Amino acid sequence: MGFTVTKISEGPVKPASPTPCPTLPLAWVDRYPTHRGLVESMHLFKSGSEPAKVVKEALAKALVFFYPLAGRIVEPEPGHPAIECSAQGVYFAEAKADCTLEDVKYLDRPLLISKDDLVPCPKSEDWGVEPHNTIMMMQVTTFTCGGFVLGLRFNHASADGMGAAQFIKAVGDMARGLPEPLVKPVWDREKFPNPKIKPGPLPELPILALDYVILDFPTDYINKLKSQYMEHSGKHCSGFDVLTAKLWQCRTRALNIAPDSEVKLCFFASVRHLLKLDKGYYGNSIFPVKMTATSEKVLNSTILEVVDIIRKAKERMAVEFFQFAKEEVDTDPFQMTFNYESVYVSDWSKLGFVDVDYGFGKPMFCGPLVNNDFIASVVILKAPAPLDGTRILASCLTKEHSEEFVRGMKHME
């Protein structure tokens with residue numbers, strides 16, 4: 001059965017009161033070429049009375065504090081984009097679905113409603129701003145018998161995941177009647193290093209025809225692996241560490257490549273603690289954590305030994321970051337290679353989206369809507385309620401190899 005989403009209204013939401021109008025420079029990492037695009041995500045709530053009205057009014061109030069997000073990305077100097085605080089507003093759409101959330105299985109994968117119906121995708125004649133110059137778009141879709149989905153498109157040039165979640169939580173604060181956000185925004189882009197090194201060329205993107213799989217891991221299983229790592233090393237590790245180690249090993253086994261072939265793993269880590277940034281900083285503050293090993297090394301190690309590899313790479317990251325900051329490196333550390341032997345992992349579990357409350361309670365589920373055929377990627381996030389644990393969204397192998405990957409990941413002894 002097909003379901004229909006009908007758009008009821010759309011247009012800009014501007015700050016609720018006058019705001020400053022400077023042009024603010026972006027940090028080096030904000031200006032990175034691959035960050036100039038809209039990241040799509042879905043935030044699902046089981047209930048809510050007039051959610052579009054509530055969110056829209058709260059958005060206008062939050063933009064008074066986060067006024068740069070109501071502006072536009074401009075490029076007064078080639079290669080140096082900035083944010084013009086024009087108060088032109090955030091694109092906001094209200095829509096209605098002709099079904100219940102239960103009808104569409106609470107939008108679990110595979111989606112029974114098109115992704116493009118859940119996130120705002122205005123026509124050029126309705127929104128005269130190119131996507132890479134738009135900072136943010138929102139859409140609230142209500143379902144019959146209660147429940148709604150907030151579809152978000154947020155420009156990575158303006159904030160990383162933690163920064164985007166900070167703003168969305170501020171909208172929630174306003175919706176619950178607070179006079180100001182619990183965490184006030186801080187710009188401070190000048191605190192992020194601004195080395196003279198230029199970004200490397202954009203990488204070639206192969207067409208890989210990747211299979212999409214979903215895997216859930218109970219908290220008890222993750223805690224068991226973390227306890228085993230404590231016995232192994234005498235040190236703590238995170239749930240992210242153990243699940244990333246497991247998926248890297250299972251993926252390497254599924255690839256079935258020569259023992260001396262190199263496999264690569266990469267994820268981005270926050271450097272807010274290294275820069276001692278204010279709690280309210282909401283820009284990009286990330287740095288890549290990269291590791292390379294032979295297939296033989298990854299496969300002949302225990303999961304706990306693979307965790308060792310990951311944790312050592314994390315420890316190196318601080319040194320590598322300050323080398324970058326002090327201009328002691330000649331190559332761009334953010335340069336990526338998107339071949340089939342490389343996998344990229346993103347952790348959404350602790351960004352803060354799961355803590356957003358518009359007065360209707362916290363969301364059942366939050367997660368990205370990205371699904372591509374050129375980057376082998378895995379997203380780690382909180383499993384949807386009522387499940388207790390962690391969910392992995394994996395788009396990292398072709399059909400030829402994904403079945404073996406899934407078998408390995410589901411082995412939880």
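Predicted model: local features only at pLDDT ≥ 70, side-chain atom pairs only at ≥ 80, totals over all residues.
Phenylalanine 287 counts as buried, at 1% relative accessibility.

The ring of phenylalanine 287 pairs with that of phenylalanine 324, and the pair is tilted. Phenylalanine 287 sits in strand β11 (residues 286–294) and phenylalanine 324 in helix α8, so the pair links distant parts of the chain, 37 residues apart. Phenylalanine 324 is buried too, with a relative accessible area of 1%. Phenylalanine 324 also forms an edge-to-face pair with phenylalanine 334, which lies in the loop between α8 and β12 (342–347). Phenylalanine 334 is buried as well. Here are the two pairs:

| Pair | Centre to centre | Angle between planes | Type |
|---|---|---|---|
| Phenylalanine 287 and phenylalanine 324 | 5.6 Å | 45° | tilted |
| Phenylalanine 324 and phenylalanine 334 | 6.0 Å | 65° | edge-to-face |

Ring pairs join these residues into a cluster whose members include Trp28, Tyr32, Phe192 and Phe268. The model has 23 aromatic pairs by count.

Helix α8 (residues 303–325) also holds aspartate 308. This residue is buried yet has no salt bridge: lysine 312, the nearest side chain of opposite charge, is 5.8 Å away. What does the side chain of aspartate 308 make a polar contact with? The partner is the side chain of tyrosine 229, at 2.7 Å. Beyond its neighbours within four places in sequence, aspartate 308 is in contact with Tyr229 and His232.

Finally, the cysteines: the disulfide count is zero. The sulfur of cysteine 99 has its closest cysteine sulfur in cysteine 145, 10 Å away, which is too far for a bond. Cysteine 99 is buried, with a relative accessible area of 0%, whereas cysteine 145 is exposed, at 78%.

Terms used:
Residues numbered from 1 in each chain as written. Heavy atoms only, no water. Disulfide = S-S within 2.5 Å. Buried < 20%, exposed > 50% of the residue type's maximum accessible area, 1.4 Å probe, protein only. Helix = DSSP H or I, 4+ residues; strand = E, 2+ residues; numbered from the N terminus. Lys, Arg positive; Asp, Glu negative; His and termini not counted. Salt bridge = Lys/Arg side-chain N within 4 Å of Asp/Glu carboxyl O. Polar contact = N/O pair within 3.5 Å; in protein donor to acceptor, adjacent residues only side chain to side chain. Contact = heavy atoms within 4.5 Å. Phe/Tyr/Trp six-rings, centres within 6.5 Å; stacked < 30°, edge-to-face > 60°.
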